[in-house]
Amino acid sequence: MINPFTPSFGKIPPILAGRQILISEFEQAFANNPNDPNMCSLFSGPRGVGKTVLLSYLAKKAGMCGWISANVTARPGMLEDIAERVMDAANEFVERPSTVRFSSVSIPALFGATWEYRDPSSGNWRTRMNRILDVLQDNSIGLLITIDEIDPNLEELVDFSAIFQHFVREDRKVALLMAGLPANVSALLSDKSVSFLRRAAQHQLGRIGDVDIARAFRETVEDAGKTISDEALDFAVGATGGFAYMMQLVGFRTWIEAGDEKRIELCHAEHGAYAAKHDFENGVIKKTVQELSDGDIAFLEAMLPDGDGPSSMSDIAERMGKSPNYARVYRTRLVEQGLISASRRGLVEFEMPLLREYLVEE
């Protein structure tokens, strides 16, 4: 039996845990209302929370509603990549010979369309995209652009964001979904040239509830041909910490531990979770900690004496040897990055699973 869990980067799992309400909102928007505010959305959250998978899943849902999508990462060359991805997606409807950029074709079962061939160098990126959007709009096809791993220092991303607002103002059938780490999303929104993005729908992705994790975990196992004991399921759910990526890691490793057994037992989940812990530390935690400033680390270390319980801001400031106002600056930074949460007024606690354990060990 093939292992059904998918800890590979960005791969859509067979059962997506949580996010049902959010997904339903986007399904309705794609199907019925291109003017829905969600059609320009920013997703933020720490590593491992499921941002990339959600972008891929929503692009798939859009395709079921008559949209084509261009899915890219914020990297140099992004603008040309978007144009190429749009043309590749449109090739399902319009054939493009390799010798020319655009071609003419008529497909009666779908629509007749004419792509006017022009030298790619004629006109800037916005002009070339407008030609594509003209044909798509004439045939009631929407264009969804998804951009992952937002980098506020990427000039092309800022240029794209400034241009996209013109597509919206021109009443194009377009949608934009962008995802990134909270700090990067915040930095992008502070750029004056993309001020229109501040009016975009903002979705902060956090932990998934235990009930949703348990339901998705059990369904994934059973749909793949095995069963799982209640004890094993409870242990596996607790080991995920509510993070989408950790759920896939725990499930993947637990499935391997079960081998040819038809039923996953507690011992399988325990061994699987132990292996998944090391995977998560190496793939997520270490990289996250490496990007933190000395002040961030000092704040987190000041939380460690409180164990699993919440830490008071007054205690943290005292342990850091700093003023309460100084400590609050780092509190805000770490909350924005999804590493800690403000459980109650004056209290904070670790949000990312295994982060506290990793800091203690190091």
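Start with the lining of the largest pocket, which divides into 20 nonpolar, twelve polar and twelve charged residues. The model is predicted. The pocket holds about 970 Å³ of space. Of its 44 lining residues, select Pro46, Arg47, Gly48, Lys51 and Leu181, the closest to its centre. Then colour α2 (51–64), α6, α9 (244–258), α10 (266–290) and α13, each of which supplies at least two lining residues.

Next, select α13, residues 324–336. This helix has 13 residues and spans 18 Å from first C-alpha to last, close to the 18 Å expected at 1.5 Å a residue. Show the side chains of Ala327, Tyr330 and Leu334, which are buried. They cover an arc of only 65° around the axis, so they sit on the same side of α13. An α-helix has 3.6 residues a turn, so residues three or four places apart point the same way. After α13 comes Gly338, with a positive phi near 75°.

Move to the second largest pocket, with about 440 Å³ of space. It is lined by 21 residues, and those closest to its centre are Pro34, Asn35, Met39, Val168 and Val174. Helix α5 (155–169) and strand β6 (174–180) each supply at least two lining residues, and α5 gives the most, with four. By class, the lining has twelve nonpolar, three polar and six charged residues.

Finish at Phe196, in the loop between α6 (182–189) and β7 (201–204). Phe196 is buried, with a relative accessible area of 9%. Beyond its sequence neighbours up to four places away, Phe196 touches Cys40, Ser161, Phe164 and Gln165.

Terms used. Residues are numbered from 1 along each chain as its sequence is written. This is a predicted model: local features need pLDDT of at least 70, side-chain atom pairs count only at pLDDT 80 or more; totals for chains, interfaces and linings use all residues. Side-chain values use heavy atoms; hydrogens and water are left out. The expected span of a helix is 1.5 Å times one less than its number of residues. Buried means under 20% relative accessible area, exposed over 50%, partly exposed in between (1.4 Å probe, protein chains only). The arc is that of the directions from the helix axis to the C-beta atoms. Contact means heavy atoms within 4.5 Å. On a 1 Å grid over the protein atoms alone, a cavity is a set of points where a 1.4 Å probe fits but cannot get out, and a pocket is an open set with protein on both sides within 12 Å along at least five of seven lines; lining residues have an atom within 4 Å of a point. Grid points are joined across faces, edges and corners, and a volume is the space filled by probe spheres set on the points. Ala, Val, Leu, Ile, Met, Phe, Trp, Tyr, Cys and Pro count as nonpolar, Asp, Glu, Lys and Arg as charged, and the others, Gly among them, as polar.
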